[in-house]
Amino acid sequence: MADQSFQVDLRGVVDLLSRHLYSSPRVYLRELLQNAVDAITARGGGSGRVRIETGPGELRVHDDGVGLTEDEVHRLLATIGRSSKRDELGFARHDFLGQFGIGLLSAFLVADEIEVVSRSARGGDPVRWVGSSDGRYRVEPADRAEPGTTVTLRARPGADELTAPATVVDLARTYGSLLPYPVTVDGREITGEGPPWLVAHPTPARRRRALADYCRELYGFEPYDVIDLRVPEAGLTGVAFVVPQQVAPGTRGAHRVYLKRMLLAENVEGLLPDWAFFVRCVVDAGELKPTASREALYEDELLESTRQALGEQIRQWLVTLSETDPARLRGFLRLHHLGVKAMALHDDEMLRIVDRWLEFETSAGPMTLAEFRRRHPEGRYTTDVDEFRRLSAVSGAQGVGLVNGGYVYDTEIIERLPQIDPDARLRRLDPAELATHFGVLDPGAELALRPFLAVAQRAVESLGCEVVVRDFDPASLPALYLTSRAARHREELEEARRQADGVWADVLDALGEIGGTGGGVDRPQLVLNHRNPLTRRITALTEEGLIEVAVQGLYGQALLLGRHPLRAADTAVLNRSFLGLLDWAVHKPGVAE
């Protein structure tokens, strides 16, 4: 049986293009511009011109490029996807923007009929090709004196807006303003001096002002700074504009990318490393490959190496800023500290910048890690924001410097510091160690408190807590709940054990035995502050019932003030102490005096 050829439904192909390949039918003009520019490039000579004319329901694109013979018209315009024919005609050369056949096909997104009149610069008679969206075409002689091509579209009903003069001017300027050949729409010049970052200026300040104006025109903001970009192996030049306001973490940067000075897309992702979300780029690249839709970059080794090179140039800008303009660097860090922190996780130079210039939250106020270590050689850090908030005042009052490492990347950065300075070691705080810095009472006072402590211990015994009395600052704090990491782990394990059943409970029991988490060892402490007037009055009480509810009240207040999670038993004790104290106040007001 003889082989058969596939029959292509052109309407189906056009529908496929419009629904799944191109994001919008507006790209039709980009494809026509690409064809015209490629034809001019193929003719050579370094000159040429593209003229676009609009009319009622029509659009014409003229170029004075290489043109086509009748044989080339048949082979190029009537064949979809046959790369060998395209290569023979020279339209797959490296310096071309697109591919003639598929680009012309995209015009069917807005028209039911396309007319191409062309005369080849290589010789031959002019020819007219008329194609319809139903798959039919015809070729016939035409009148044209000079080499080149004219493509005429007749808009289908409902697509008139896409060929209207104002729309065409906007599309031509969007896609073709940087093209190396003059482009006009109804006589109006569209192209300018070329890429703004390559235009010569009398002074660096004038150049920066011009690029800032360009950024404001494109993105609507005045850039914090402008970074020049260049990657020779990708044929890439351009600029990165530093965004002047905070950007949400994880935001994917969308960049304006040109390929051989034709706009690829205005929202290309993946050009920069994820951490560089604080810049918006405009680049032109000659070697990067587009996807089939020509609306994104093709992910390959060249794009990956380009991404790394651009990231390095942005990183180097930060290093230079730290050496030449520290005040400006501090302003940048206030806006975009997250991006720099993300770099510091893997880059020692960025880690030095973070250590020296970026302020962290500490018990002594905002300061850099380098300054904190100078003031507190034995400093500590927490990995949780709530833990820092409940312990920073107490820690600072005892002379123990504390850094808040609970924000994004902060703990990892603190733990990486020894990689750039072996002496830069901050230890993680175990809250229980703060008790070793508290003052102890004199033996006489401690002996007098023994009856009170016995009753107080009974009040919180079921909660797995130990009551101690110490003397510490700040005096305004009546009580402090301290739990070590080991004790916290034991509490979590016991809570899980209470909620588990069957085999899982047995597993947790075994873990408790292995970890030595039973028997009341290393219990959390409710530390009563003898320096606080209210606490001293409570320790002077003699009525056991009142002592119990008062101590339980201090326990609940310490949990709430320290932002500790409340278990069901804690909530019950807190409610009971509140109601008990209320009842006592109502019935025995005289005792409170």
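Arg207 and Asp228 pair up through their side chains in a salt bridge, with N to O at 2.6 Å. The two residues sit 21 residues apart and connect distant parts of the chain, Arg207 in helix 7 (residues 204-219) and Asp228 in strand 9 (residues 226-231). Keep in mind that this is a predicted model.

How exposed are the two partners? Arg207 is partly exposed, at a relative accessible area of 22%, and Asp228 also counts as partly exposed, at 42%.

## Two more pairs

Arg256 and Glu266 meet in a salt bridge too, at 2.8 Å from N to O. Arg256 belongs to strand 11 (residues 255-259) and Glu266 to strand 12 (residues 262-268), so this pair ties together parts 10 residues apart in sequence. Arg256 counts as buried, at 9% relative accessibility, while Glu266 is partly exposed at 45%.

Then there's Arg380 with Glu433, whose closest N and O atoms are 3.1 Å apart. Here the link spans 53 residues, from Arg380 in strand 16 (residues 380-382) to Glu433 in the loop between strand 18 (427-428) and helix 14 (443-448). Both of these residues are buried.

The structure holds 39 salt bridges.

## The chain as a whole

Zooming out, the protein chain has 20 helices and 21 strands. It runs to 593 residues, 49% of them buried. Among contacts with a separation of 6 or more, 67% involve residues 24 or more positions apart. The chain's accessible surface is about 28500 Å², and carbon and sulfur atoms account for 51% of that.

How values were computed. Residues are numbered from 1 along each chain as its sequence is written. This is a predicted model: local features need pLDDT of at least 70, side-chain atom pairs count only at pLDDT 80 or more; totals for chains, interfaces and linings use all residues. Side-chain values use heavy atoms; hydrogens and water are left out. Helices (H or I, at least four residues) and strands (E, at least two) are DSSP runs, numbered from the N terminus. Buried means under 20% relative accessible area, exposed over 50%, partly exposed in between (1.4 Å probe, protein chains only). Contact means heavy atoms within 4.5 Å. Accessible areas come from the Shrake-Rupley method with a 1.4 Å probe; for residues, only the protein chains shown count as cover. A salt bridge is a side-chain nitrogen of Lys or Arg within 4 Å of a carboxyl oxygen of Asp or Glu.
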